[in-house]
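Please examine the sequence and the structure shown below. The explanation after them is intended for a reader who is new to protein structure.

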Amino acid sequence: MNIEINKRYTFYGYMVNSSSSLSDTYPVNMMIKNNEYVIVRVNKSINIEKNKYYKVTGIGTIYKDRYHILAESIECIDDLGLSEFEIENIINNILGNKMIDYIKYQEFIEKNIDEINNEILKNITLEIYNKYKDDFLNYPAASKFHHAYKHGLVYHTYNMLRMGLTYVDVYENINKDLVVSGIILHDMMKVKEIKKDAPEYTNEGKLLGHISMISNEIYNTASKLGYADTEEALLLNHIVIAHHDEAEFGSPRNPQILEALIVHLCDVADARIIPTIEALEKTNVGEYTEQIFVNNKNKYLKHKLSK
């Protein structure tokens, strides 16, 4: 937001954090749209909570050589008498959520679960999928860098599944059932790692991470179904713990079976290609995108042959 002095602004924002101040107001960092933030100065008599959404009306001002919004009023959207649809629309606009036909993705994923031939892999996958299905279909896939919007997790999984099936068609010696099960489950515990309607990690996400949580989930599910000592459960667990490839990115093991390599490659490809496409959509022909973090902060040209 380009703030002008003495101009009045009304907007919705997500409260990221605040700082103490010696003046009559304190600064609040608010996200007003995906990766765009503004500092709102709030009277010390008003206490607002982190991780909540607010409607702000205020005046543009300068404080210590920085442009701020001096709040005249700040109200939590939960107190505005809005419908559930209106609140969801406000949150979607702030987080930059895309309109996603997740039903199509859901049907494709469930069709492929149904087609798993290995009974052990099918039963483990179906048990975990059904347990977390509602959240899986609605959650983002990340807090910031890729698919960080509602339905992003099922969208990411759908893209990976299509790629994984292509690898199976092109190359020999790949076990399709392991690839399908591994892709569907690899990020399932993002529903415990990040918050549904906020770009933040949960305590479980910070302390455990989705990789260790899905490993535990597979082990517990396999034990419950009587498959704890099977090779299928072992291989599936290896795929999910290796899908980030390196310890630096959270994987305790590198891929050591072909199917784990395939899942890793699909994950990296979709996590890097989709943010690039989305950045190009916001870029004029002949210009370069903003820096894309997941692509080593590279910028990409939107050339005249771009679709």
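The model is predicted.

Helix α5 spans residues 176-186 and is mostly covered, with 10 of its 11 residues buried. These buried residues are D177, L178, V179, V180, S181, G182, I183, I184, L185 and H186. They pack against several other helices, namely α2, α3 (119-136), α4, α8 (210-224), α9 (231-241) and α10. The N-terminal end of α5 is capped by N175, which places a side-chain oxygen 3.1 Å from the backbone nitrogen of D177.

Two of the helices that pack against α5, α2 and α4, may now be considered as a pair. Two packed helices are described by the angle between their axes and the distance between the axes. The axes of α2 (residues 102-114) and α4 (residues 152-170) come within 9 Å and cross at roughly 45°; the two helices are therefore oblique to each other. Their crossing is left-handed. On the side of α2, the contact is made by Y102, K104, Y105, Q106, F108, I109 and N112, and on the side of α4 by V154, Y155, T157, Y158, L161, R162 and L165. Sorted by class, this contact has nine nonpolar, three polar and two charged residues.

Is H264 buried or exposed? H264 has a relative accessible area of 12%, and buried means under 20%, so H264 is buried. Its side chain reaches the backbone oxygen of H243 at 3.0 Å. Apart from neighbours within four places in sequence, H264 is in contact with A242, H243, H244, D245 and P255.

Notes. Residues numbered from 1 in each chain as written. Predicted model: local features only at pLDDT ≥ 70, side-chain atom pairs only at ≥ 80, totals over all residues. Heavy atoms only, no water. Buried < 20%, exposed > 50% of the residue type's maximum accessible area, 1.4 Å probe, protein only. Polar contact = N/O pair within 3.5 Å; in protein donor to acceptor, adjacent residues only side chain to side chain. Contact = heavy atoms within 4.5 Å. Axes fitted to C-alpha atoms, helices over the stretch in contact; angles between N-to-C directions. Helix = DSSP H or I, 4+ residues; strand = E, 2+ residues; numbered from the N terminus. Parallel < 35°, antiparallel > 145°, perpendicular 65-115°, else oblique. Left-handed = near helix turned anticlockwise from the far one by under 90°. Nonpolar A, V, L, I, M, F, W, Y, C, P; charged D, E, K, R; others polar.
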